[in-house]
Amino acid sequence: MNIILLSTVVSFLFCQDIFTEYLIQDQDTIDVFSYQIPDLYNDEEMHPLLVAFHQWGGNENSTYYTTFDEEANSRNWIFLSPFGGSSNNYNHQGAQEMVKNEIVWLMENFSIDSTRIYMVGGSMGGAAGMIFNNNHLNPNEPMVAATASASGILDCERRAIEMDGNNSMIEWFGGDWTEVPFEYHRNSAIYFEDFSQSMHYNLQHLPVYLDFGESEPHRIHAEEMYDVLLGYNHNMWIDTIPLGSHGFSVIDEEHVCDWMSQFVLVDNPNNISVNLDEPSRSYWVEAANQVDTLNFINIDINRSEEGIDIYNFSNSDTLILHILNQNFENYLINIENSINKLGLSGVLSNNLQYINIEDENGLSLEYTMHDNIIWLSYFGLPPYELPLQGSFTMNILFEEQIEGDVNQDGSCNIQDIILMIGYILGN
């Protein structure tokens, strides 16, 4: 996927120049997005990014009729307004992929602080930041630091039932809520009817701002969601004196930006409790397979200085823990339910000195190493049959890296200098 290089500039309606770009895939234009660079932009500084999602019927320029672009400019933030492939996209998977690639393009072309990507939206786009977060928890890709919702459609199935059907959802999800319920649930911030089929668990570490109009019929959705997350999510704000009617009209742009600006991305939490819609990485854990593609992969895991407790892992047969970035001595991993295949990933370079993994009976476990992953061959008592369950202790030691030791032979000498010069000249 690539982006055309020619930009269009629109400035006659707005205070700042607005640049327009197109997302190209296989020589077809699949999306358009606009963005604004702050007046005091400095390529030597890291700038936060504010992504604003339009309401139903809007386009990539609709959000400039709010004051979010002015707020971004005054704070020296970059501003992005995606179209999402259509005016009624309802944040479906394809639209989310478009937005991700547009953020990546901006990050490749401008100096953006990846720990301060904020999202805000109105009505149809109101829950977009939460939905994007639920589906994008890989720390190697764009993640959301905080999000705000103005009259957001939080539960697509519940809202569609209240409306006696929603043609836009039917168009982009591939049917109504009785025909493709999984699509409604994976493209919602929450599913109230059955929490086991809801992705709101993924919002644990995301600051969430909820606003709505005084007389909105689905105001109760936001209030109920706030109650569900209370105590689980420790950074929430909800409007207790609502004004306005619906969408962006209910929200105070300055207050939103002030509130979000206090947060930076949480991408390495100790506790992870998520429902994943497909095999993917979530912070430092990764499900590499999915048993039933129409149900969520559930992971409930906790990390401490002493070890890791895996409380639940279901609907996938392969779990990878991305934890090997330091020495582990007598590090305990406890698995409370069965796992068919367990991998340990991280920095496995030439300075790896020693690996020993023992079960709770002191028996050393066999393992293989492939693509920087340690795969446990068995776990438990003889005859060492899968699945894995119980506890084991890891002792993994790395030799201390000597500064300047490019070839990692234990010393810094003329050979390292030659290698370094050759590398520089080669580039």
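Modeller: The side chains of R75 and D258 meet in a salt bridge, with 2.8 Å from N to O. The term salt bridge denotes a side-chain nitrogen of Lys or Arg within 4 Å of a carboxyl oxygen of Asp or Glu. R75 lies in the loop between α1 and β6, and D258 in helix α8, so the pair ties together parts that are 183 residues apart in sequence. Helices (H or I, at least four residues) and strands (E, at least two) are DSSP runs, numbered from the N terminus.

The model is a predicted one, in which local features need pLDDT of at least 70 and side-chain atom pairs count only at pLDDT 80 or more, while totals for chains, interfaces and linings use all residues. Residues are numbered from 1 along each chain as its sequence is written, and side-chain values use heavy atoms, with hydrogens and water left out.

Both partners are partly exposed: R75 has a relative accessible area of 22%, and D258 has one of 39%. On this scale, buried means under 20% relative accessible area, exposed means over 50%, and partly exposed lies in between (1.4 Å probe, protein chains only).

Helix α8 itself comprises residues 253-260, and its buried residues are E253, V256, C257, W259 and M260. Seen down the axis of α8, these buried residues fall within an arc of 160°, so they line one face of the helix. The arc is taken from the directions that run from the helix axis to the C-beta atoms. The cover over the buried residues of α8 includes α1 (68-74) together with the strands β5 (47-53), β7 (112-122), β8 (146-150), β9 (208-211) and β10 (236-238); contact here means heavy atoms within 4.5 Å. At the start of α8, a side-chain oxygen of D252 reaches to within 3.1 Å of the backbone nitrogen of E254.

In general, an α-helix has 3.6 residues a turn, so residues three or four places apart point the same way. E97 counts as partly exposed at 34% relative accessibility, whereas K100 counts as buried at 13%.

Another salt bridge links the side chains of E162 and R158, at 4.0 Å from N to O. These two residues both lie in helix α4 (residues 156-162), 4 residues apart, about one turn of the helix. E162 is partly exposed, with a relative accessible area of 41%, and R158 also counts as partly exposed, at 21% relative accessibility. Salt bridges that share partners join R158, R159, E162 and E224 into one network.

Y90 is found between β6 (78-82) and α2 (93-109), and its phi is near 50°, a positive value in a residue other than glycine. Most residues other than glycine have a negative phi. Y90 is buried, with a relative accessible area of 6%.

Terms used:
A polar contact is a pair of N or O atoms within 3.5 Å; within protein, one must be able to donate a hydrogen and the other to accept it, and residues adjacent in sequence count only if both atoms are side-chain atoms.
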